[in-house]
4 protein chains.
Amino acid sequence: MTDFYKGLSPVKFEGEQSTNALAYRHYNKDEIVAGKRMEDHIRPAVAYWHSFAAEGGDPFGGRTFDRPWYDKGMDGARMKADVAFETFDMLDVPFFCFHDVDIAPEGDSLAESNKNVREIGEIFAKKMETSRTRLLWGTANLFSNRRYMGGAATNPDPDVFTYAAAQVKNVLELTHELGGENYVLWGGREGYETLLNTKIGQESDQMARFLTLVIEHADKIGFKGQILIEPKPQEPTKHQYDYDVATVYGFLQRYGLEKRVKCNIEVGHAFLAGHSFEHELAVASSLGMLGSVDANRNDLQSGWDTDHFPNNPGEMALAFYYILKQGGLGKGGFNFDAKLRRQSLDPADLLYGHVGGLDVLARGLKAAAAMIEDGEFDRLLDERYAGWQSGEGKAILNGERSLENLAERVERENLQPQPRSGRQEYLENLVNRFV
Amino acid sequence: MTDFYKGLSPVKFEGEQSTNALAYRHYNKDEIVAGKRMEDHIRPAVAYWHSFAAEGGDPFGGRTFDRPWYDKGMDGARMKADVAFETFDMLDVPFFCFHDVDIAPEGDSLAESNKNVREIGEIFAKKMETSRTRLLWGTANLFSNRRYMGGAATNPDPDVFTYAAAQVKNVLELTHELGGENYVLWGGREGYETLLNTKIGQESDQMARFLTLVIEHADKIGFKGQILIEPKPQEPTKHQYDYDVATVYGFLQRYGLEKRVKCNIEVGHAFLAGHSFEHELAVASSLGMLGSVDANRNDLQSGWDTDHFPNNPGEMALAFYYILKQGGLGKGGFNFDAKLRRQSLDPADLLYGHVGGLDVLARGLKAAAAMIEDGEFDRLLDERYAGWQSGEGKAILNGERSLENLAERVERENLQPQPRSGRQEYLENLVNRFV
Amino acid sequence: MTDFYKGLSPVKFEGEQSTNALAYRHYNKDEIVAGKRMEDHIRPAVAYWHSFAAEGGDPFGGRTFDRPWYDKGMDGARMKADVAFETFDMLDVPFFCFHDVDIAPEGDSLAESNKNVREIGEIFAKKMETSRTRLLWGTANLFSNRRYMGGAATNPDPDVFTYAAAQVKNVLELTHELGGENYVLWGGREGYETLLNTKIGQESDQMARFLTLVIEHADKIGFKGQILIEPKPQEPTKHQYDYDVATVYGFLQRYGLEKRVKCNIEVGHAFLAGHSFEHELAVASSLGMLGSVDANRNDLQSGWDTDHFPNNPGEMALAFYYILKQGGLGKGGFNFDAKLRRQSLDPADLLYGHVGGLDVLARGLKAAAAMIEDGEFDRLLDERYAGWQSGEGKAILNGERSLENLAERVERENLQPQPRSGRQEYLENLVNRFV
Amino acid sequence: MTDFYKGLSPVKFEGEQSTNALAYRHYNKDEIVAGKRMEDHIRPAVAYWHSFAAEGGDPFGGRTFDRPWYDKGMDGARMKADVAFETFDMLDVPFFCFHDVDIAPEGDSLAESNKNVREIGEIFAKKMETSRTRLLWGTANLFSNRRYMGGAATNPDPDVFTYAAAQVKNVLELTHELGGENYVLWGGREGYETLLNTKIGQESDQMARFLTLVIEHADKIGFKGQILIEPKPQEPTKHQYDYDVATVYGFLQRYGLEKRVKCNIEVGHAFLAGHSFEHELAVASSLGMLGSVDANRNDLQSGWDTDHFPNNPGEMALAFYYILKQGGLGKGGFNFDAKLRRQSLDPADLLYGHVGGLDVLARGLKAAAAMIEDGEFDRLLDERYAGWQSGEGKAILNGERSLENLAERVERENLQPQPRSGRQEYLENLVNRFV
């Protein structure tokens with residue numbers, strides 16, 4: 001036991017009236033909502049990256065945090081693992097997730113880097129024997145090292161593709177061995193800085209090839225988890241190929257991969273792409289692509305990824321509405337790839353972030369369950385589209401009408417369709433009844 | 001001959017030294033650039049909508065223009081047609097384009113509306129006997145009338161779908177009869193105002209059905225032109241389904257239509273979607289979807305569609321670079337769906353807009369042709385990706401390598417790929433050498 | 001009594017458990033919050049413009065609503081006044097507000113326009129004898145008519161300035177006579193479309209002169225209300241001079257008017273200017289400029305003014321925090337210059353909008369009052385800045401230290417200031433405890 | 001002489017036909033434009049920060065560059081100074097500029113840090129004996145070190161203010177001693193991350209106090225240069241107090257400092273604030289606040305500061321239009337605080353950036369001079385506002401008319417002002433004639 005959280009007690013559910021800043025007020029893991037334990041709906045995962053590896057830097061300033069494991073190589077990595085699992089225990093969360101470079105320092109060769117990662121992986125395995133926290137997903141960081149500055153899978157240099165492939169192989173296998181339920185790909189450098197030096201058709205083919213190799217290897221080793229792409233429109237690149245859910249879907253279809261890959265959708269990335277979070281969820285769900293969620297929100301006035309902890313229950317209610325409607329996230333979950341503000345130096349700040357975020361998710365979940373139970377939304381939606389369930393509407397959708405048939409009917413009946421209220425104010429008020 | 005342009009002379013090419021504001025300084029239609037007449041590259045089309053039907057209104061104020069054909073029903077429509085063809089002659093352009101409601105007033109029934117449209121269509125046909133201006137494309141306005149407030153193809157009411165289908169049938173046939181080379185669909189209301197009243201999966205199916213009907217009818221009547229979708233991310237709707245090229249491509253693939261439909265890409269719509277114009281062209285071209293171009297640019301500080309005439313030669317140079325690289329626009333062209341500023345009241349303003357816009361296109365075309373002739377861009381691009389043309393790179397792309405093969409090679413060779421300069425500053429300077 | 005709301009009953013407070021969509025669930029006007037009636041805190045005003053004069057049009061389509069008073073001249077204006085006061089009664093609100101052109105049609109001359117406005121003003125006066133609804137503010141519409149296309153006060157033509165001045169005189173006097181508590185100026189066209197035809201220094205002088213004339217006339221007629229400027233960064237213009245609160249403040253200071261004018265701050269305008277709503281309130285309050293509030297929010301993905309009814313209690317809690325901290329809005333209030341969605345055709349939709357909006361304001365008010373009563377926010381803020389209350393901090397602020405003194409102290413004490421946590425996560429959680 | 005630029009020759013003017021990528025094609029320092037040497041108009045300055053201290057990192061990845069002076073303490077700083085002056089010579093530029101932390105490593109105490117800075121300052125002084133390059137401005141970096149994470153002047157801790165003051169004293173004095181013509185303050189952390197922990201009124205007072213101390217010390221030591229504030233709306237902070245020129249002006253007025261401080265305006269910061277670059281210049285010039293320019297542009301699709309070298313001649317033409325109209329920048333200049341792209345690893349890339357940027361500035365300057373010499377812009381502007389030069393217009397501006405006078409005139413003359421064309425298309429074409 002380290003003394004990182006010295007003086008702080010594990011976080012428990014105490015109910016809405018609690019004023020204990022380190023207690024859950026809404027997140028009650030065993031509470032049954034819509035027929036399932038709250039924890040089983042949300043499946044929250046603490047992210048190694050922002051929680052343990054980030055240092056408080058930004059483009060205009062360096063490290064502000066002061067963690068005892070910084071600059072200590074593999075010793076630091078072991079201490080970091082200890083604190084990570086203490087954090088999981090303090091927060092009582094069922095999952096965590098990581099990039100390879102979060103958990104162990106890079107070595108002088110890939111062989112050495114992979115060995116470091118594996119060594120920490122063994123520590124994880126050991127800790128998981130006594131901890132209840134499981135691995136939601138693993139991933140390889142293919143964007144921080146300078147070798148990836150021009151892309152990993154989409155690099156103009158096939159050697160970089162090769163190196164990246166070898167790195168993924170290691171993390172995919174480790175994820176599998178640790179019982180991870182998903183493997184995530186975020187293409188942070190798969191895009192371009194300028195079209196002037198970029199062949200986008202070529203890079204698209206490379207990206208598809210890379211993804212195919214990952215799927216084939218997953219199959220080969222018997223990995224049954226989900227393969228997830230996390231869309232983001234830009235940053236660090238000017239343009240990232242996995243722009244948003246619709247773009248990812250088009251890409252997957254083009255290469256025949258749309259049945260094998262789903263999306264890990266981030267609140268803040270949706271916003272940067274010009275969408276609402278619920279939009280990305282609704283689109284993904286309608287395409288069978290909603291696999292998991294990254295709970296980070298964006299500051300609404302900042303044009304870059306700010307990765308805040310969630311704090312808007314209304315936003316999360318709409319999110320859970322789509323998740324519940326599709327029967328849940330399956331093997332996915334909600335990862336808190338959410339980072340502390342640069343001024344949030346204290347260990348307690350790390351707990352506050354997760355506690356507040358989980359409470360907001362719990363409020364959203366309960367609101368969505370109540371919306372669905374109430375049934376008014378579904379009833380109004382069905383009523384609005386009822387015309388397509390029978391008669392002419394159904395015949396049109398079934399392909400039983402041509403343009404000529406339709407034109408002839410307009411003329412015959414002197415059709416004059418009358419608009420009906422969309423009732424947006426009513427529906428927004430209705431949401432607020434549950435949030 | 002009306003007296004709309006009284007006192008103004010037809011616009012001619014006078015060369016770069018001319019200070020005549022109503023002369024072309026760069027657009028010299030018969031000048032050969034990259035082996036083809038300039039006009040045959042650009043294929044410019046004056047748009048009926050903004051040029052003759054718009055009134056200078058905006059959300060905070062009404063009509064500012066004062067055209068003699070306003071509020072005069074079919075008499076006005078005939079006068080408008082006269083001025084339109086006088087404009088084409090004044091500008092000496094080879095093409096025009098229109099929506100049905102631009103050219104004739106709506107009647108009390110679709111039958112009457114269509115009759116009005118047909119009557120003006122006959123006037124067009126007659127005028128085209130003596131004018132050299134041809135029809136680039138036609139389209140149906142499925143967004144202005146209140147019946148379409150909740151969508152046309154994606155309306156919850158099948159009767160609205162039906163009405164829209166009948167309207168398209170009329171314009172598609174007229175377009176065909178007038179020798180139009182393209183038919184455009186812009187889904188201005190195909191989207192949503194709030195997800196709370198929207199079934200996006202259902203609406204997607206409706207939209208695909210509608211498009212399929214249009215394609216089938218085009219085939220039936222022997223229309224050999226291109227069917228084009230014009231992407232736009234939003235406005236008037238909060239979200240428009242044809243968000244950008246990548247989204248349209250995913251939609252088309254989903255319904256097996258990607259071989260039959262291309263895109264009409266607008267500068268300003270690209271910008272609203274968070275892209276550069278050249279990005280949308282490059283993406284479309286790489287997907288075989290670059291069919292035509294809408295030359296309207298956006299004000300860079302305005303969050304809505306401003307539809308200015310083009311004025312940035314550098315932007316157009318990059319556009320023509322992709323167009324020339326794919327061998328031109330084929331049956332497509334550049335439509336000036338570009339509108340006068342609200343304060344630009346005078347007939348001469350309408351000419352200034354087109355003259356300046358065409359000159360900018362001509363500068364862009366010549367710069368792009370020079371860039372390609374120079375060859376340095378292509379050479380550098382090929383050099384940058386050369387590793388994929390042979391050896392390991394080629395083997396990877398050909399599917400001859402697995403993750404294991406690649407990992408094994410990294411280890412065997414202790415692969416340490418070294419980054420190489422992306423040379424962005426050099427390339428940007430190089431563009432400026434030609435613009 | 002018209003039959004506009006036929007079948008609908010007046011809206012009453014029924015409490016949080018009510019499922020009546022036309023009842024207040026949170027807005028209980030007589031409930032005492034922080035020592036004052038809820039109504040006296042919020043001072044809500046129904047806006048004539050969006051509620052009765054707007055027609056559901058947008059840049060891509062015309063009128064969708066179908067009100068019985070449309071296109072009926074002064075008869076329509078009288079009917080509109082009847083429905084307006086019925087609406088005020090249905091909603092039981094204490095205030096309304098209007099532009100001149102909302103209440104009466106423009107005539108062939110200003111004299112006739114003013115006469116029309118006055119005639120409806122008399123009807124208002126009469127209705128106010130039996131209604132409890134009072135006038136929060138009046139204003140002149142100096143942006144819709146084509147004469148104002150190039151600005152009103154900032155028009156290049158002094159005759160337009162003159163016409164605008166005469167129009168304001170009429171509405172200012174009417175506002176005064178009707179007991180209006182504020183007069184608002186929104187400079188919808190006071191800005192530019194292009195710098196190429198604009199002398200901004202000249203226009204700034206004109207704008208200051210206009211404002212000075214208004215203040216002088218207000219004094220002359222004994223108007224004791226607040227003069228308010230409503231900032232907006234753009235739209236309809238590319239740039240609007242009253243960009244945001246800080247810009248308005250700089251302008252007022254430059255012409256010595258900062259003591260006479262405050263701001264009417266709109267949620268959506270703050271967002272368009274790149275700010276949060278609470279930012280604009282905090283800035284205005286710190287400058288003594290927070291006079292009144294316009295409750296319209298923006299759609300977060302739309303780059304133009306959408307003027308939705310408020311629906312985010314968390315946003316309103318932060319707003320009321322600043323309002324309560326400065327002791328309330330005084331003569332100001334919350335106007336609902338909030339418009340129905342274009343598809344919200346039914347009379348009931350108009351009520352839903354206001355009911356939901358008022359409930360959200362009530363939730364925000366109660367949360368803010370609880371935050372202040374709890375005291376933790378203020379305590380933490382005071383603690384954070386405590387160093388400036390005494391010792392060196394106080395001496396610095398009092399001007400008792402020079403750069404040399406300070407440098408000398410750093411050297412003498414080898415000063416090494418240590419950063420302290422900003423506690424953002426803790427504070428955000430704390431807000432959520434009250435919302 | 002280091003071997004950093006081994007194999008590369010000094011950059012000379014070779015004229016437009018040159019295809020030498022390391023020659024100036026437009027920037028001909030001694031060419032007379034509008035009566036002055038080109039160099040004396042532009043006064044370009046190479047920035048130490050991005051050119052020599054930046055490492056190619058971004059929020060998602062670390063250092064990509066590999067400069068021989070990295071990680072070598074004061075030895076590295078000396079080598080960096082050598083390469084810096086070699087760069088100035090290679091580029092033949094008249095100015096440079098720096099932050100203290102760019103030129104020398106921070107020590108364990110401020111005393112040591114300042115000593116390091118001073119030591120490099122002495123090297124600069126020595127080099128300037130043989131180099132023709134002079135110091136345009138110096139500044140203190142008050143944002144990178146973790147002590148400044150919550151602001152420097154606006155920190156809640158007076159000790160941080162004190163430390164910052166001592167740091168500025170050192171750099172201000174060094175700037176003075178080196179003959180620097182300006183001292184710049186960029187308040188990178190003077191703003192807030194969340195209003196929840198911020199007293200903006202208090203922080204505004206602190207910021208004014210700090211600025212006053214700087215001015216007083218400048219006076220005391222006899223510094224005759226300009227004191228400049230560089231506005232930026234946000235990043236790294238959520239909100240930066242020096243949002244834009246108008247905001248800075250309001251702040252300065254509030255504390256009576258508007259006569260002593262001007263602005264250093266950056267292209268990219270203008271864009272992030274929702275403005276065009278020419279807008280900020282026009283506003284600043286109209287307020288007497290246009291002191292200097294930071295030439296970095298932003299990527300148009302990136303929501304953060306990208307600090308590219310300028311590449312748009314049209315943008316720079318409008319900039320120089322305002323600069324020439326106010327008689328030049330005086331002691332100010334154009335600093336290239338412009339950074340290499342992260343993939344631009346090679347020493348030559350650093351030269352390409354500056355060469356291309358300077359050529360673009362030269363094109364802009366020449367276009368602006370031609371626009372002014374042509375006179376059409378000024379003539380049209382004067383014509384447009386002519387009504388304010390005499391008669392009623394002049395009387396209004398002179399304060400000789402009241403609202404009553406104006407209203408009376410409207411009635412007496414039945415004033416019906418008629419709108420006139422704003423001629424935007426004509427004017428935009430006219431700009432393109434010169435660019």
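Two strands are taken to pair if DSSP finds at least two bridges between them. By that rule, in this predicted model, strand β11 of chain C, which covers residues 290–294, pairs in the parallel sense with strand β12 of chain C, residues 334–336, and the pairing rests on 2 bridges. Within this part of the sheet, C:D294 stands opposite C:N335 in β12(C).

The two strands belong to a closed barrel of 8 strands in chain C, with parallel pairing, whose order is β3-β4-β5-β6-β8-β10-β11-β12. On average, and with direction ignored, neighbouring strands of this sheet are turned by 30° against each other. Helix α6 of chain C, residues 158–177, packs on the sheet, where it touches β4 (95–99), β5 (134–139) and β6 (182–185) of chain C, and the direction of helix α6 makes about 155° with that of β6(C).

The values computed for the contact between the two chains are listed below.

| Feature of the contact between chain C and chain A | Value |
|---|---|
| Residues taken from chain C | 43 residues |
| Residues taken from chain A | 43 residues |
| Salt bridges between chain C and chain A | 2 salt bridges |
| Residue pairs in polar contact, both at pLDDT 80 or more | 22 residue pairs |

One of the 2 salt bridges between chain C and chain A joins the side chains of C:E428 and A:R297, with 3.2 Å from N to O. On the side of chain C that touches chain A, α12 (347–374) and α16 (424–434) of chain C each supply at least two residues. Which element gives the largest share of that side of chain C? The largest share comes from α16(C), which contributes 7 residues to the side of chain C that touches chain A.

Notes: Residues are numbered from 1 along each chain as its sequence is written. Chains are lettered from A and ligands numbered from 1 in the order in which they are written. This is a predicted model: local features need pLDDT of at least 70, side-chain atom pairs count only at pLDDT 80 or more; totals for chains, interfaces and linings use all residues. Side-chain values use heavy atoms; hydrogens and water are left out. Helices (H or I, at least four residues) and strands (E, at least two) are DSSP runs, numbered from the N terminus. Axes are lines fitted to C-alpha atoms, for helices over the stretch in contact, and angles run from 0 to 180 degrees between N-to-C directions. Contact means heavy atoms within 4.5 Å. A salt bridge is a side-chain nitrogen of Lys or Arg within 4 Å of a carboxyl oxygen of Asp or Glu. A polar contact is a pair of N or O atoms within 3.5 Å; within protein, one must be able to donate a hydrogen and the other to accept it, and residues adjacent in sequence count only if both atoms are side-chain atoms.
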